[in-house]
Each structure stands twice: as C-alpha cells, then as structure tokens.
Amino acid sequence: MAHRCFSGANGTTIFPQNNYDLAAERGSSDFDIRQRLSFSFTYQAPAFRRLPTAVGKGWELGGILTLQTGQPFTVLTGESLSGTGLGNDRPNLVGNPNAGPHTVQQWLNPSAFVLNAPLTFGDAGRNIVTGPNYRDFDFSILKNTQIGERVNAQFRAEFFNIVNHPAFALPSNILAAPNFGALFQTPDTAQNNVGLGSGGPRLIQFALKVSF
C-alpha cells in the first residue's frame, strides 16, 4: 500500500488514517493561528538632571508584547482498531471537543470522543481541536555611557516573560493515554529548546557591550 505523507507543524497530522479517503483529511493547517498581535516599543528616557550626567543620562526602555490564539491539533486513539497497524486512527466524534474546562489538568472535552469500531475509521476530523492561547511580554532596560569621544559602554538588563505567565504547548492528543487532554509541557520544552524557546519561565540576563 502506498503511504501518503502530509507535512505537519505539530506532529499530529503527518499521515492520513485512510490512504483511500483523502477527503477526510481536509481541515485547518497545523499552523492556522487565526489571530496574532506582536507589539514592540523603545523609549529613550530624558536625562535625570538631579543626578550626575554619567548616571542620569543614556537610559532606554524596551519591550515586546506577543498575543496569539491557539494552534489546532488532531486527536488520535492510540490504538489500531482499523486494522491498518499504522497507529493513525482517529476516534468518533460525539460532542464538542472545544467545550472543555480549559484547565491545566483537562484542556479539551474528553467525552466528545469515543473509540472507533473495529475495522472502521473514526469520523473525527483533522485539526478540529484548538490548543491554548499564548501570551508573553519581554522587557529590557539599557544604559549607554559615553566614554570620551569614541567609546560607548552599554549595559543591558533583559527580562524574558517578565510577568512569569505560564504558557503551554499543545495538550496530550492520544485518547488512550492517561494524561489525555492535559497540558504538561511548555513550547520551549516541546521544541527541545529548554530555556531558549518561547513559553519558558521568567529569565533574566545581563550584558555589557563596548563600542569603539
């Protein structure tokens, strides 16, 4: 049997459950994030006249705000009742999967799915569930100090996710798994970039740059 491969951003819809019914694979793309806002600013603070020039001059503030709606994903059964042995079975849909409690313990509505009957494919569509929203605010403070005519020293303090707001990756999408529907990792962990990607806890870094 020829096996058709579909590229996927979240790893849940790479293969169809039935190669002979590609119409059942129609749905939102893995990266179908409907709304996204990214706002940044830089503010050069005026000199504080009551302080010495070296201390009260050269301050800058900056920030990046990111807001976006959730990413769609597909629910799989985790079993091979269809008999294909490929592990791509989807369950039958009996309710609204997006009417869940939207908590860390249970994001979606688990009662919206039931196992497909043996030797059949489930009728739940591809990417019909929407994951959690994403919110993040990064903030920075800069101090430029002019040394002579040619040298500038810049000290930076950067705060990633300064409000320490938790952000979660897509929940467990395997119906047979004990943690089905639970939020259990952040986007940076899901992308194997712990501490470097988005969604991690508050991170603070300091840097000193000298230009001459």
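**Exposure, strand pairing and a nonpolar patch**

Visitor: Why is Val94 called exposed?

Guide: Val94 has a relative accessibility of 51%. Exposed means over 50% relative accessible area, buried under 20%, and partly exposed in between (1.4 Å probe, protein chains only), so Val94 counts as exposed. This is a predicted model, in which local features need pLDDT of at least 70 and side-chain atom pairs count only at pLDDT 80 or more, while totals for chains, interfaces and linings use all residues. Residues are numbered from 1 along each chain as its sequence is written, and side-chain values use heavy atoms, with hydrogens and water left out.

Visitor: Where does Val94 lie, and which residues does Val94 touch beyond four places away in sequence?

Guide: Val94 is in the loop between β4 (92-93) and β5 (113-114); strands are DSSP runs of E with at least two residues, helices are runs of H or I with at least four, and both are numbered from the N terminus. Its contacts (heavy atoms within 4.5 Å) at that sequence separation are Ser111, Ala112, Phe113 and Val114. Between Val94 and Ala112, 18 residues apart in sequence, the C-alpha distance is 5.0 Å.

Visitor: What makes β7 and β8 a pair of strands?

Guide: Two strands pair if DSSP finds at least two bridges between them. Strand β7 (residues 134-147) and strand β8 (residues 151-160) share nine bridges in the antiparallel sense, among them the one joining Gln146 to Asn152 in β8. The two strands form a hairpin with three residues between them, and Gly148 in its turn has a positive phi of about 70°.

Visitor: How do you know that β8 also pairs with β9?

Guide: The same test applies: nine bridges join β8 to the antiparallel strand β9 (residues 203-211).

Visitor: What makes a nonpolar surface patch of Leu37, Phe39, Phe41, Tyr43, Leu61 and Leu67?

Guide: A patch joins nonpolar side chains (Val, Leu, Ile, Met, Phe, Trp, Tyr) within 5 Å, or like charges within 9 Å, among residues with over 30% relative accessible area and no salt bridge. These six residues form a patch of about 510 Å². Its largest share, four residues, comes from β1, and β1 and β2 each supply at least two residues. Phe39, in strand β1, has a relative accessible area of 48%, so Phe39 is partly exposed.

Visitor: Why are His102 and Asn164 called partly exposed?

Guide: Their values fall between the two limits for buried and exposed: 39% for His102 and 37% for Asn164, so both count as partly exposed. His102 is in the loop between β4 and β5, and Asn164 is in the loop between β8 and α2 (187-190).

Conventions: Areas by Shrake-Rupley, 256 points an atom, 1.4 Å probe, with all protein chains shown as cover. Salt bridge = Lys/Arg side-chain N within 4 Å of Asp/Glu carboxyl O.
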